[in-house]
Amino acid sequence: MTAAQWTRVKEVFQAAVERPLDERAAYLTGACGNDPGLRAEVDRLLAAHEQAGSFIETSATPPQTEPATRLQPGDRIGRYEISGLLGAGGMGEVYRAYDPRLGRQVAIKVVPRAFSADPDRLRRFEQEARAAAALTHPNVVAVHDLGTHEGQPYIVSEFLEGLTLRRTAAAGRLPAPKVLDYAIQICRGLTAAHDAGIVHRDLKPENLFITRDGRLKILDFGLAKLTEGQPFDRGSPATGTGTALTTPHAIVGTVGYMSPEQVSAQPVDARSDLFSAGAVLYELCSGRRAFPGNDAIEMLSAILKDEPESLPDTDVLSAGLNRLIRRCLEKSPRDRFQSARDLAFTLDTLLTITGPQPVARPHVSSRAASGPFRLIVLPFDLANPRPDDLWLATAFADSLTFGLRHAENLIIVNREQSDAAAEVRQLADTLDVRYCVKGTVQRIGEDLRVVVRLIDTITGAITLQESVTDRFSNLLAIEETLAARFVTAFEAPRAGPVPNRTSSLSAYKRVVLASELHRTGRYREAAHYLELVATQDADYADAWALLANSYARMTSPAASDDGTRQEFQRKALNAARKAAELQPSLYEAHIALALAYRGLEDVERWRMSSLKAIELNPRLAEAHVLLGQSYFASPLWGFARLRDAELARHYLERALLLDPRFGLGHNALVYHLTWDGRPAEALVAADAALAMLPDHIDILRAEAIALLRLKRVDEAERILLRLSTESAASAQDEWGFAAIDLLRGDHGQAAERFEAVIARGPRAMRALDTALIYCQAGLFPAAAEHLATARAAAPSCTSFVSQSPSFAAYLDQAPVAAILSAEG
Amino acid sequence: MASAPSQVTQLLQQWSTGRDDARDRLFPVIYGELRRLAASYMRRERADHTLQPTALVHEAFLKLVDQRAVHWQSRAHFFGIAAQAMRRILVDHARAHAADKRGAGEPPVSLDEARMLGVSPNVDLIALDEALTRLAAIDPQQSRLVEARFFGGLTIEEAAELLQISPATVGREWTVAKAWLYAELTGTRS
């Protein structure tokens, strides 16, 4: 068919489709005239149109099930009982398992058949793996056993908790002292292996594991034997990676760290491992690959030909590291360190010169002042106010905040009640804000006079001053004029639609009051006002979004009971949908949707709404928190989600970088760390948060839980008592008191209190909390009972439990294990 | 890896200033990132999670693009390329899967990815891919539209932005493309 014929077919088809069925035949006869080819093609399309239904209407989707070959919890390999999948990669799947003979947790790597088909290669692999199994060194993962399961070789090694170096360093480069620390540990492990005559051959960040206590372990000695030479083995199409060279990124993980002698298929010795170690260390120092490329061929060519870009010598330590990394990366093995021992010696020297240095996590507020400017808008002062005018102080601050949010070179820091009285200088120090906006509102008869100043917190100078005088009834216009002038002053206003506001001054006033109530956690009262607004102006998207947000906050398991939760969830979703419908580009609408879907445990929509909000404004904190929560390690907000502790932490920390005082963000981080099995870190995070936001109820609550996890009962009790004098005791607080009873040995009282709290719901989450505290108290039969309760309420919670770092230490306890393995 | 975001952002900027070669250089980066994301999803979790290509594409955008630095039209450009990359990933997998069934040939995607990426149960992706290629010969815009919507998960509005046509036109073009493809795949006769 020619393009011209096709254009004609389209025209006739589209016109026919738009006509009622009974008029089509006549139309077609007229339109096609004496062109039977055209008529036939249009008829064919019309027939297809009628039958097509939802064909390709939903986008391509992934499979719903896993292949059956994967081992399931409860399956056995040899004497080992599988308890779950830890991970899967090109070299096979790794399971967590239990060794009943020695009563310990182990990790089992099952090598895919594709790699073990060649008996000769398999024998060499076993030889090497046996040699590796003989190694005992703190920096080499201990291999306990080898075997074959249904034709697939497997390796049993010690069970490690932590992350691979790939994940540890995912956020970019590491500080030099940390790199030195890892370098020394890699060298020690390699020295032990090389002394035993074993070359690793596949050193890369994925094979270097950092345990919870910071020890580095080298994984997978000998495994490289299985795949050796394969990427180049074009002659044998049966190998799994034979086509990888032509596929971008397919074998990058391995290729990027190969030594030149491996790339050119020369004999390989211990010095090859030193090259790979150098490439890893280069990446840790710089956050970049030593030998980058868009595909395997580019990388291989870089390894053979290119010198890695040199790294800046910022101090003695980094200069020393750079020098020895360069030496590791010499193309010829002759020019490198000749042994891991030599390299270790040089590293030790570097350590004595520079001394061991503590490696601190960067503090959230220590962000450099470059790039986008941080700005805070303070409540306005009122000159000779009428009692009825107090809300104007908030209204102007809110509308300016809202307007400035869309300036791309600004990050707006949320204000707190206490800020109004604070000195500008003090705000600059504690909040790292560069600019502060402050204004005055004055009533003059029927007029309002508003003066707004932009203050540079570094110099104290007034950088900009704007004033507007107009009728009070033109309040909304005054606000818009001021916001527009400030946005212009910061240039780069975002190309986006202007928010739909209301034309009703009284509706607007109610929204301002509601947002103030919302800010202070009085969600119920806020919702009350906003329901009234909805009857005044049903098209006010901002109001719907805030209403949805208020209802969603009321569904928090910490704050509400099962009965009311469902009602609030429904209302939150309806209001959020309404807001998004009225104004699809409204950031708050998507936040509200994310909150509503979070409450409903609809993880996919929850993440999509968060992502959408981030896209609309990547500089605001709340969407990052919501996205982070979708990867939480905790049972809060359901069990259905994809858990990833590091991603959760990443997004939460990003949120706190954007807004160091986002209370709910701090609260989320503390809660997350507690459940990720890091209560001590959670306490550090809570302290940092409370330094910024003293007396924040949610953070105090989260801190109490972390303290209980550490069995610091008295401190937890002090916090809970204080909370109960300040606000009505929430279910969460009640639970805390029950936990205190339990940890103090008052089992009877504890049991009663837990019972009551679990009844308030959400059952699964509370029962799981309770099971964990019973585990901590060593009362496993009671823990098992609560696990059973949780499972009855939410069957998917067992997979959560078996993967949760918090429960990890208790999974072997017979009553707990029995519940987890029992049929649901 | 650290250079990827600024690289993609830069290429998008270059493209929007009319440098068409930037487009060709974007493809491998976005393609690689999508595959990497797909693989990392698989490592993280198991059977109970389903992966949406749409979510993958959004996450890749978030990771690769400094959103303060690009015009919002660049977003559509990015999604257009990502849809194309997603098409290749899904179709390659479908081919590998088909080859596997016949007991011949080797998957061009890795074992990990093969587990991750699947086939819409009602659509023969290989046949769809071939039909799309034929459609591109007579109507490139329609082919891109289907690619963007079906493989990239773009909404009508986003596709309109990508193709620089009105949402109403997108709706009409979609109806034709859908009917034509359905006819091609099922051998519908009038």
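Is A:R649 buried or exposed? In this predicted model, A:R649 is buried, because its relative accessible area is 10% and a residue counts as buried when that value is under 20%. Over all chains, the count of salt bridges comes to 40.

**Salt bridges around A:R649**

- A:R649 forms a salt bridge with A:E653, and the closest N and O atoms of the two are 3.2 Å apart.
- Both A:R649 and A:E653 belong to helix α25 of chain A, which covers residues 645-658, and they sit four residues apart, or about one turn of that helix.
- An α-helix has 3.6 residues a turn, so residues three or four places apart point the same way.
- A:E653 counts as partly exposed, because its relative accessibility is 23%, whereas A:R649 is buried.
- The two residues also take part in a network of salt bridges, in which A:R649, A:E653, A:D676, A:R678 and A:E681 are linked.

**Salt bridges between chains**

- Side chains of opposite charge can pair when their charged atoms come close.
- One such pair is B:D139 with A:K10, whose side chains meet in a salt bridge with an N to O distance of 2.6 Å.
- This pair crosses between chains, since B:D139 is in the loop between α6 (125-138) and α7 (140-151) of chain B, while A:K10 is in helix α1 (residues 3-18) of chain A.
- Both partners, B:D139 and A:K10, are buried.
- B:E184 and A:R44 form another salt bridge, with their closest N and O atoms 2.7 Å apart.
- Because B:E184 lies in helix α9 (residues 167-186) of chain B and A:R44 lies in helix α3 (residues 36-51) of chain A, this pair joins two chains.
- B:E184 is partly exposed, with a relative accessible area of 26%, whereas A:R44 is buried, with a relative accessible area of 14%.

**Helix α23 of chain A**

- Helix α23 of chain A runs over residues 603-616, and at 1.5 Å a residue its 14 residues should span 20 Å, which agrees with the 20 Å between its end C-alpha atoms.
- This helix is mostly covered, as 11 of its 14 residues are buried.
- Among the buried residues of α23(A) are A:W606, A:L611 and A:I614, as well as A:E604, A:R607 and A:E615.

Technical notes:
Residues are numbered from 1 along each chain as its sequence is written. Chains are lettered from A and ligands numbered from 1 in the order in which they are written. This is a predicted model: local features need pLDDT of at least 70, side-chain atom pairs count only at pLDDT 80 or more; totals for chains, interfaces and linings use all residues. Side-chain values use heavy atoms; hydrogens and water are left out. A salt bridge is a side-chain nitrogen of Lys or Arg within 4 Å of a carboxyl oxygen of Asp or Glu. Buried means under 20% relative accessible area, exposed over 50%, partly exposed in between (1.4 Å probe, protein chains only). The expected span of a helix is 1.5 Å times one less than its number of residues.
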